[in-house]
Each structure stands twice: as structure tokens, then as C-alpha cells.
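I'll jot down what I look up, step by step.

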Amino acid sequence: MMASSLLRSLVSRSGSSNVGAALSTRNYSLVSSQISNHTAKWMQDTTKKSPMELINEIPPIKVEGRIVACGGDSNPALGHPIEFICLDLKEPAVCKYCGLRYVQAHHH
């Protein structure tokens, strides 16, 4: 979203009205229908759990220290870009890519 706003402002400053008009009239209906169809696939069979339900069954992972690096999987080919997650809050921190939850293991 920020990138498209920046691009619009750069285009408007350069005076190129054709590119600016194309950006301002972009149609997101195709993307919306793709998301709806993809989501509907998981809603059809109520005997199977959705991906979010499956990931929520994994208990929060306890880690030492304040920061965890989540890669999604031990195999880099199956993982995602590394996300460094701060664990300063009491509630579990969630990886924005895979949904794994992490909490800080406290020593008392």
C-alpha cells in the first residue's frame, strides 16, 4: 500500500498522466474473487480442519531470550523468510508468515 502511494506521488510530480490514471483506476475485483474461491475450498469439507485451525493446535513454543528468529521450518526449502520476533509481551507473539506462536521461557 505504501509503495503504490509513493509511486502515485512520483508519477503525479513527473506529469505523466497516463501512468497516474492507470494507477488510480486499478481494479481489485479479480484479486477479491481469487481470495474468496481459495477460502471457499477450505470451507466446503467441514470434516477437515482449515490451515489456521491446524497451526493453532501447535502450542506456543517456549524460547530462551527476548528475540526469536522464525524460519517456518528446519528445511529452508519449506520455510519462509526469517522473521525476528520480540517476546517482551506476556501473550504469545505470532509469526506473520506461518502463524507459529512463541513465548519467552521465564526463570523464577
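**Entry 1: the whole chain.** I started with the surface. The chain has an accessible surface of about 8800 Å², and 60% of that belongs to carbon and sulfur atoms. I have to keep in mind that this is a predicted model. Next I looked up burial: of the 108 residues in the chain, 16% are buried. I also checked contacts between residues at least 6 apart in sequence, and 36% of them join residues at least 24 apart.

**Entry 2: helices and strands.** I counted four helices and five strands. Reading along the sequence, I get the pattern α-α-α-α-β-β-β-β-β.

**Entry 3: the sheet.** Which strands form the open sheet, and in what order? I found three strands, in the order β1-β5-β4, with mixed pairing.

I then went through the pairings one at a time.

- β1 and β5 run in the parallel sense, paired over three bridges. Here Val63 has Gln104 in β5 as its bridge partner.
- β4 and β5 (residues 101-104) pair in the antiparallel sense over two bridges. I noted Ala93 opposite Tyr102 in β5, and Val94 opposite Arg101 in β5.

The hairpin of β4 and β5 has six residues between the strands, and in it Gly99 takes a positive phi near 85°.

**Entry 4: the core.** How many residues make up the largest nonpolar core? I got ten: Ile55, Val63, Val68, Cys70, Ile85, Leu87, Ala93, Cys95, Leu100 and Tyr102.

Leaving out neighbours within four places in sequence, Cys95 is in contact with Cys70, His80, Glu83, Ile85 and Leu100.

Entry 5: Is Phe84 buried or exposed? Phe84 sits in strand β3 (residues 83-86). I looked up its relative accessible area, which is 61%; the cut-off for exposed is over 50%, so Phe84 counts as exposed. Phe84 also belongs to a nonpolar surface patch with Ile67 and Ile82, and together they have about 360 Å² of accessible area.

Conventions. Residues numbered from 1 in each chain as written. Predicted model: local features only at pLDDT ≥ 70, side-chain atom pairs only at ≥ 80, totals over all residues. Heavy atoms only, no water. Patch = residues over 30% accessible without salt bridge, like charges linked within 9 Å, V, L, I, M, F, W, Y side chains within 5 Å. Areas by Shrake-Rupley, 256 points an atom, 1.4 Å probe, with all protein chains shown as cover. Salt bridge = Lys/Arg side-chain N within 4 Å of Asp/Glu carboxyl O. Buried < 20%, exposed > 50% of the residue type's maximum accessible area, 1.4 Å probe, protein only. Pairing = 2+ DSSP bridges. Core = buried A, V, L, I, M, F, W, Y, C linked by side-chain atoms within 4.5 Å. Contact = heavy atoms within 4.5 Å.
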